[in-house]
Amino acid sequence: MISGLIKRVAAEWALHHHNKQNRRGVVSPDAQEYFVIPEALPPAVFQEALKELEVLNANWVRSHTEWRQGAAIGGHELRAGSQSIWLDYLMSDDFLIKVRRATGINDLQYVPVADTNRLSLLLYEGAGDGIDWHVDGSIYLGQRWAGILVLLEETSETQAKLELAPGEEPVTLPKAGIENSLVLFRGDHVRHRVRPMREDERRVVVSLLFTNWPQRTMNPFLLRYQSRVNSVFYNNPRP
Ligand SMILES: [Fe+2]
């Protein structure tokens, strides 16, 4: 019990220190990994997801903030409005085992179901919509693994809109094959951005959030910041 408490306090301190460093633009050089997993969904499941996008149109929550101009659907609303098997697949052991095998992260798991960021849908469309270089905040004591599963990348460019900078130089990914690929990275360490959309371009992704230790911080400042992000992106009520 004592060792559990010590581990917890040490992790709280490390997270606090990490978030402070993040705000200064300092990230850990040993956490700059990313993975691209092609054909993340079986073809029939991927087609189900695309079909459902057409009926989800009314549910987008639009945001016009300093962060971005696009739209999103939070995990809870998405599940409530879904009639399809594709979300079940994403939440299945089969999918998690596939991701663990592809990455070698054997203790990877979803963040708790109460967290709207566990699974959400993001829409980028219209000239200028995107999100500039940043690292994410984190409210979990374990490693934060952000997953971006691209459903649609309807752009006129040859490179995917998502860019990562694991180190000094940004990395672009070819647009060919990016649809139905899962890009997994340490979102709170690897700088990333979505290049601005051009007129008539559209991009829809499922954003997934994993960790290897789904213990939420007790730090009120970090929890308040996350609550603000959720409110802006998904219209979640703020406590
Ligand atoms: Fe991000």
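**Core and strand E12**

I looked up the largest nonpolar core first, and it has 44 residues; those with the most contacts inside it are Leu121, Ile148, Leu149, Leu151, Val205 and Val206. Such a core is a set of buried Ala, Val, Leu, Ile, Met, Phe, Trp, Tyr and Cys residues joined through C-beta atoms within 7 Å. I then listed the elements that each supply at least two residues of this core: strand E3 (71-73), helix H4 (86-90), E5, E7, strand E8 (159-165), strand E10 (182-185) and E12. Helices (H or I, at least four residues) and strands (E, at least two) are DSSP runs, numbered from the N terminus.

A note on the source: this is a predicted model, where local features need pLDDT of at least 70, side-chain atom pairs count only at pLDDT 80 or more, and totals for chains, interfaces and linings use all residues. Residues are numbered from 1 along each chain as its sequence is written.

Next I checked E12 (residues 202-211), and eight of its 10 residues are buried (20 or more other C-beta atoms within 10 Å of a residue's own, with C-beta atoms placed from the backbone). For Val206, leaving aside neighbours within four places in sequence, I found Leu119, Leu121, Leu149 and Leu151 in contact (C-beta atoms, placed from the backbone, within 7 Å).

Which strands pair with E12, by at least two DSSP bridges?

- E7 (residues 144-154) runs antiparallel to E12 with 10 bridges, and Glu153 has Arg203 as its bridge partner.
- E5 (residues 119-125) is antiparallel to E12 with seven bridges; Leu123 stands opposite Val204.
- E4 (residues 109-110) joins E12 through two bridges, also antiparallel, and Gln109 partners Thr211.

Terms used:
Buried ≥ 20, exposed ≤ 12 C-beta atoms within 10 Å, placed from the backbone. Pairing = 2+ DSSP bridges. Contact = placed C-beta atoms within 7 Å.
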